[in-house]
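Hi,

Here is the structure I promised to pass on.

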Amino acid sequence: MDARYVHDHTDHVWTEVYSQSQGRWLHADSCENKMDTPLMYERGWGKKLNYIIAYSRDELVDVTWRYTANQNEVLKRRKKCRESWLVSTILEMNKQRQAAFPEPKRKFLEQRLVAEIAEFFRAEKHYKESENEGRNSGSLAWRLARGEMQCGSSQSYTFKLTEKEVNKKEFLVKYSPARDEYIRVSSDGEVQKGWQTGVKEVKDVIRKHETDWKTVYLARCEGTSIGEISWQVDWSETRLTCKSILIVFQHSTFENGSVSWQLCTGDKCYMGNKDGVLELKGEDLNDSPVQLELSAKLADGKGDCSWQHAQLFRQLDSATEQFPLLIHINFL
């Protein structure tokens with residue numbers, strides 16, 4: 001496979017490999033164990049990118065635009081030289097480098113380069129969930145000092161009943177970390193992608209994918225002592241009365257890690273249990289609540305990996321039909 005070195009002028013290096021089947025260059029960072037996540041430096045690490053140059057024995061290419069979704073902001077930081085000078089200089093260097101190549105090879109490289117440049121500016125880019133993670137390589141103190149430890153945060157979101165759910169007198173949502181999707185069964189299977197899209201509040205929580213163990217879960221951010229997360233459902237804008245609530249909230253702990261979770265409906269709060277199942281009905285709901293909030297706190301653990309010793313929704317990454325978080329409400 002064709003491969004080339006990539007140098008980020010703000011201080012990192014990685015590799016690109018050319019995929020014949022996809023007809024494009026793929027980002028490959030062996031330090032981070034990441035493949036085809038080019039926006040992670042800008043998104044997850046928070047880097048202020050400027051110049052990123054790829055080179056091999058065949059060519060040099062300014063690949064900066066593969067690694068940003070904010071081209072205008074990056075352009076403002078590129079002050080080392082004129083853009084026209086950079087383009088003409090790279091073209092001249094490639095001309096010299098390829099001077100002894102056979103004509104068919106020069107033509108192939110030219111056509112591949114044109115396709116690559118077109119790819120840079122073809123469409124609006126969207127961040128993947130895997131590009132939200134902070135830097136893993138290097139000591140924790142070093143990464144914290146550099147501000148490259150992106151940790152979970154979200155815009156506040158509250159589930160409110162749709163017209164279909166009001167008519168059905170039912171709300172049912174479930175989440176799978178393997179899919180990283182919420183499926184709103186009671187609203188004809190409506191899907192929300194990304195664990196953060198359904199969260200009311202979150203502090204120092206990330207989604208972790210262990211590729212070696214083939215598992216995925218939510219956990220505290222590395223280097224933090226406590227992680228907190230909550231979900232909220234609100235039906236105050238309807239005339240419905242809550243009949244029953246069923247919560248499934250699966251969690252795992254290792255060493256002395258701890259997960260404490262609770263369900264609050266108005267002024268009443270109920271502590272979760274080790275089984276991760278809680279059901280309310282009858283007298284539990286006689287005050288006619290109009291919303292619920294499910295919250296969890298992740299804490300404790302031992303050693304450098306303490307942040308991994310309290311986990312929510314741990315499952316195999318292939319278990320896409322299992323949903324370790326479920327909120328089911330029936331109404332009158």
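This is a predicted model: local features need pLDDT of at least 70, side-chain atom pairs count only at pLDDT 80 or more; totals for chains, interfaces and linings use all residues.

I started with helix α4, and what covers its buried residues includes β1 (3-8), β2 (12-19), β3 (24-29), β6 (60-62) and α2 (71-77).

The helix itself runs over residues 103-120, and at 1.5 Å a residue its 18 residues should span 26 Å; the end C-alpha atoms are 26 Å apart, so that agrees. Its buried residues are L109, R112, L113, E116 and F120. Looking down the axis of α4, you'll find them within an arc of 105 degrees, so they line one face of the helix. P104, Q111 and V114, on the other side of α4, are exposed.

Now the salt bridges, which come to 24. One joins the side chains of D188 and K164, at 2.6 Å from N to O. That pair links distant parts of the chain, 24 residues apart: D188 is in the loop between β9 (181-184) and β10 (190-193), K164 in helix α6 (residues 163-168). D188 counts as exposed at 52% relative accessibility, while K164 is partly exposed at 43%.

E321 sits in the loop between β21 (310-316) and β22 (325-331), 142 residues from R179, which is in the loop between β8 (170-176) and β9. E321 is exposed, with a relative accessible area of 60%. Elsewhere, salt bridges with shared partners join D2, R4, E16, E59, R66, R112, E116 and E119 into one network.

Cheers

Methods. Residues are numbered from 1 along each chain as its sequence is written. Side-chain values use heavy atoms; hydrogens and water are left out. Helices (H or I, at least four residues) and strands (E, at least two) are DSSP runs, numbered from the N terminus. The expected span of a helix is 1.5 Å times one less than its number of residues. Buried means under 20% relative accessible area, exposed over 50%, partly exposed in between (1.4 Å probe, protein chains only). The arc is that of the directions from the helix axis to the C-beta atoms. Contact means heavy atoms within 4.5 Å. A salt bridge is a side-chain nitrogen of Lys or Arg within 4 Å of a carboxyl oxygen of Asp or Glu.
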